[in-house]
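Hi everyone, thanks for making time for this. I'd like to walk you through one model, starting with the whole chain and then moving to a few local spots. Here it is on the screen.

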Amino acid sequence: MASLLRHTARLGRFGLTSPAAKFAPARPVAAARAVPRRFGSTGPHHHGSSGSSSSSDSAVWAVGSALLFVPAFLYLTKPPEKYLEHKAAAAHKVAHAKHEEAAVKEEEEAAEEEVPAPAAPTSFKYVLIGGGTASYSAMLGIQEVEPNAEILIITGEGYAPYQRPPLTKELWFSEDPAIADTLTFTNWEGKPTSLFYQDEAQYAVVGDDAAPTGEGVKLLKGRRAIKLDVENQTITLDSGATVKYDKVLLATGGTPRKLSYQKTLPEPAQKRVVTYRTLDDFKKLLAVAEQGKHVAVIGGGFLGSELSVALAKKTKVTQVFPEEGNMALVFPKYLTRWTTKQVASEGVEVLAKSQVTGLRYDDEKDQVVVEVNGKARNFDHVVVAVGIEPNVALAREAGLEIDSQRGGVVVNAELEARHNVFCAGDNVSFHDVALGRRRVEHYDNAVLQGRWAGRSMAGKPKAFLHQSMFWSDLGPKIGYEAMGVLDSSLVTVGVWAQEEKKAAPAAAAEAAEGAAAVVPAAEKPVGKPAGSEEFRKGVVFYVRDDTVVGVLAFNVHGKMDVARRILLEGHKPSAANELAKKFGIFSA
C-alpha cells in the first residue's frame, strides 16, 4: 500500500487524479478543478499551440495511468503467499519422487547385475515312491497347485505309470494280435485308449544318480526304495544311491499273496506257478494262453473270477476255490450261486468248495500237479489269485504306525502319516467319515486318494471324504458297480427287477439259509427266488447296526452318486424299496 501512495504522490506533481487519489495528500480544490480544463477539448477549430499542448498532456496522462493501474492490478491479482508456498512444495515433492524412482531403478539394475544365479537345489521337492495309479494321480494333484513343480517318481517296474484294471479286463478282449506290444484297447466309450497314463517321452527319464534341478517331472525306473529316513528326509534305493526329499508320498501298493506250497517248488515249477499283478505278468500269461495251455486259476474273488472269464476267451481254464461259489465273500448266497453258473457258461471249469492241499512238479510232463481235495490235477500253468498284502515294510522300518487289524499305513484325514510323509492307495489305512477306519484296494480309491494326497503335499490340504466305488465285469450278463462295505457275512436286502410274473420274493428261501432277504417293491413284484434263471437288474443293500453301509448295483450303471448319498445319509434297511427306485431298476 505504501508503494501505491508513492505512485499517487508522483502523479500529483503532474496535476493528475485517479480513483486512487483518495490515498494522496490533500490538494487545493482549485487545482483539482483545473485539470479537466487543461486536457479538455471544445471542438475541432482549436489548433496550433494549444493542440500540441493537449497532445502532450494526453501522453503524460497515459503514462501516468499505466504507472498507477498496472502495479495496482498486479498487486490485487497476486495469489496468496500460502498458495505459492503450497505450489512450490508440491513441485518439490514431484521432483523428489522422480529422483527417488530413478535411484531405485538404478539400484535394481545394479542388483540384477551383481546378484549371482540361485544355487541348484540339494533335494527333490516332491518324491513319489510307486509307479501306479495313486502315484500318477498325486503327480496331477501337485501340478494343480504348482504346475512347474519338480517331481521325482520312483518305480520298481520298467515302465511309466499305467492302469491296472485293463490287465484283467479290456486287454484280454482285444482283437488286436499285437496287443502285447501296442497295449491299446477300446474303452467303455468305444475310444482307443493306451494302458499308460501318458507317453514315457513326457517324463524326463533319469538314473539313480539324478540331481534335482528345481522343475519338471522325472521318472526313475527299475529302482526300489529300501529305506526311508524321516528325520533326515532321505530315501535309500536298492542300488545304494540316496535321494533327498522335501516331501514324500508312499504309494507302494501291495504284493500278491502266495501259497505256502509255492516256496518249496523246484525252479522249473516256479516259472509255471505265478501270481498276477503287473504288466509283465500280463505279457507272460497272454503268451501262455495263446499257446493253448491249460491254466488253473486259484481263487474265487475279484481277481480270480475276472481273470478266469478273460482267459476262457483264449484257452482252457479251471478255477479252484474253497468257497461255495464265485464272489462268495462279497455277494449274498443266492447271487453267488447264480454268478457261478454264469461264469461256467463262459467256458470256465469251476471247482467250488475245493481246497488246494498241495503243489508239486511233474518233470516228465513238465507240468504242475495241483492237489484238489486230495485228488491230483495236472496243469500247464497255475495263477495264484488269493489277494494282496499291503506293502508296508518301508513304512514300518521308518517308524510309521501300521494298522494291525487291516494292514496299511495309518494316516490322518489329510493322508499324512508323519510330517512331510504322505500315503495313498492300497497300502493306506484311513478314516472313512461314514464307515470308520478302512483300507480299500480299488482303482477309484487310488485315483482320488492320490489326487488328495498330492494337493496336501503342495500346501492345499483337505480332508479325504470321498466314498470310492469299484466295478467288475464277468462276461456279457454280469456287470456291477459297488460302494461301501460289501461283506457276505452282513445282512443284505436285495430289490430286483422282475421280468416274469412267476418270479416271487426269495425272502423265505434266503431266510432259511440265514442269508439275505429279497424285498419286493410296493408297486411291482421285484423279488427273485433263489436259483432263479435270471437276475437282470437289481440293487443289494448291505446292513450293519441297522444302517446301510454298502450298495451293490447289479447290471445297473452310472448310479454311484446315488449310492454315495445313501451311505452318507445313513439310511435304514426298511427304506430299501424306496431307495431302490432311485437306481431306476424298474424302468425298461
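Of the 588 residues in the protein chain, 44% are buried; buried here means under 20% relative accessible area, exposed means over 50%, and partly exposed is in between, with a 1.4 Å probe and protein chains only. Before I go on, a word on where this comes from: the model is predicted, local features need pLDDT of at least 70, side-chain atom pairs count only at pLDDT 80 or more, and totals for chains, interfaces and linings use all residues. Residues are numbered from 1 along each chain as its sequence is written, and side-chain values use heavy atoms, with hydrogens and water left out.

The protein chain has 15 helices and 30 strands. Those are DSSP runs numbered from the N terminus, with helices being H or I of at least four residues and strands being E of at least two. As for contacts, meaning heavy atoms within 4.5 Å, take those in the protein chain with a separation of 6 or more: 64% of them come from residues 24 or more positions apart.

Let's turn to empty space. Rolling a probe the size of a water molecule over the atoms shows where empty space is left. The set-up is a 1 Å grid over the protein atoms alone: a cavity is a set of points where a 1.4 Å probe fits but cannot get out, a pocket is an open set with protein on both sides within 12 Å along at least five of seven lines, and lining residues have an atom within 4 Å of a point. Grid points are joined across faces, edges and corners, and a volume is the space filled by probe spheres set on the points.

The second largest pocket has a volume of about 840 Å³. It is lined by 32 residues, and the closest to its centre are Lys169, Glu170, Trp188, Trp471 and Asp473. Which elements each supply at least two residues of that lining? They are β3 (184-186), α9 (302-311), β25 (469-473) and β26 (479-484). By residue type, the lining of this pocket divides into 14 nonpolar, 10 polar and 8 charged.

How many cavities of 30 Å³ or more does a search of the whole structure find? It finds 1. The largest cavity holds about 30 Å³ of space, and its lining is made of Phe124, Leu152, Gly207, Asp208, Ala210, Leu220 and Val243. That lining comes to 5 nonpolar, 1 polar and 1 charged.

Now for salt bridges, where a side-chain nitrogen of Lys or Arg lies within 4 Å of a carboxyl oxygen of Asp or Glu. The whole structure has 22 of them. Arg455 and Glu144 form one, at 2.9 Å from N to O. This pair links distant parts of the chain, 311 residues apart: Arg455 is in helix α12 (residues 443-457) and Glu144 in helix α5 (residues 133-145). Arg455 counts as partly exposed because its relative accessibility is 31%, and Glu144 is also partly exposed, at 41%.

Lys218 and Glu150 make another salt bridge, with the closest N and O atoms 2.9 Å apart. Lys218 sits in strand β6 (residues 217-220), and Glu150 in the loop between α5 and β2 (151-154), 68 residues away. Are these two buried or exposed? Lys218 is buried, at 7% relative accessible area, and Glu150 is buried at 2%.

Strands of a sheet pair through backbone hydrogen bonds, either parallel or antiparallel. Here 3 strands form an open sheet in the order β20-β23-β24, with mixed pairing. At the edges are β20 (409-410) and β24 (436-438), each pairing on one side only. β23 (residues 428-432) pairs with β24 in the antiparallel sense over 3 bridges; two strands count as paired if DSSP finds at least two bridges between them. Asp432 has Gly436 in β24 as its bridge partner.

Last stop: His294, in the loop between α8 (279-290) and β12 (295-298). His294 counts as buried because its relative accessibility is 11%. Leaving out residues up to four places away in sequence, His294 touches Lys316, Val317, Thr318, Arg377, Asn378, Phe379, Asp380 and His381.

Note on methods. Nonpolar A, V, L, I, M, F, W, Y, C, P; charged D, E, K, R; others polar.
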